[in-house]
Amino acid sequence: MVYNKNNLHAYWVVAHVDEEGIEIYGVCFDAEAFVYWLNNIRFKKSKKLLR
């Protein structure tokens, strides 16, 4: 999932910095990034040839 903190992708952005200076990250992506994720991450393992 795109929100899984263990996934390394270019869509993590600093959403907030708390009083102690700790950065809180959020995900920021557009439709193109979502389609990329669908095609290359989500359905990569389950591709089947259509006949």
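1. Fold pattern. Along the sequence, the protein chain of this predicted model runs in the order β-β-α. Its elements amount to one helix and two strands. Strand E1 covers residues 12–17, strand E2 covers residues 23–27, and helix H1 spans residues 31–42.

2. Confidence. The mean pLDDT of the protein chain is 82, with 84% of the residues at 70 or more. Among the elements, strand E1 has the highest mean value, 94, whereas helix H1 has the lowest, 84.

3. Burial and surface. The protein chain has 51 residues, of which 10% count as buried.

4. Contacts across the sequence. Where contacts join residues at least 6 apart in sequence, 17% of them link residues at least 24 apart. The individual residues discussed in the next points illustrate particular pairings along the chain.

5. Ile24 in strand E2. Ile24 belongs to strand E2. Because its relative accessibility is 40%, Ile24 counts as partly exposed. With neighbours within four places in sequence set aside, the contacts of Ile24 are Val13, Val14, Ala15 and His16. Val13 lies 11 residues from Ile24 along the chain, and the C-alpha atoms of the two are separated by 8.5 Å. For orientation, strand E1 comprises residues 12–17.

6. Tyr11 ahead of strand E1. Tyr11 is placed in the segment before E1. Its relative accessibility is 27%, so Tyr11 counts as partly exposed; the cut-off for buried is under 20%. Apart from neighbours within four places in sequence, Tyr11 is in contact with Gly26, Val27, Cys28, Phe29 and Ala33. Between Tyr11 and Ala33, which are 22 residues apart in sequence, the C-alpha to C-alpha separation is 8.4 Å.

7. The loop between E2 and H1 contains Asp30. This residue has 47% relative accessibility and therefore counts as partly exposed; the class of exposed residues begins over 50%. Asp30 and Tyr11 are 19 residues apart along the chain, with 9.2 Å between their C-alpha atoms.

8. The largest pocket. The space in the largest pocket is about 170 Å³. Its lining consists of 10 residues, and those closest to the centre are Leu8, His9, Tyr11, Trp37 and Ile41. By class, the lining residues are eight nonpolar and two polar, with no charged residue.

9. Points for the reader to check. How many charged residues are in the lining of the largest pocket? There are none.

Technical notes: Residues are numbered from 1 along each chain as its sequence is written. This is a predicted model: local features need pLDDT of at least 70, side-chain atom pairs count only at pLDDT 80 or more; totals for chains, interfaces and linings use all residues. Side-chain values use heavy atoms; hydrogens and water are left out. pLDDT is the predictor's confidence in each residue, from 0 to 100. Helices (H or I, at least four residues) and strands (E, at least two) are DSSP runs, numbered from the N terminus. On a 1 Å grid over the protein atoms alone, a cavity is a set of points where a 1.4 Å probe fits but cannot get out, and a pocket is an open set with protein on both sides within 12 Å along at least five of seven lines; lining residues have an atom within 4 Å of a point. Grid points are joined across faces, edges and corners, and a volume is the space filled by probe spheres set on the points. Ala, Val, Leu, Ile, Met, Phe, Trp, Tyr, Cys and Pro count as nonpolar, Asp, Glu, Lys and Arg as charged, and the others, Gly among them, as polar. Buried means under 20% relative accessible area, exposed over 50%, partly exposed in between (1.4 Å probe, protein chains only). Contact means heavy atoms within 4.5 Å.
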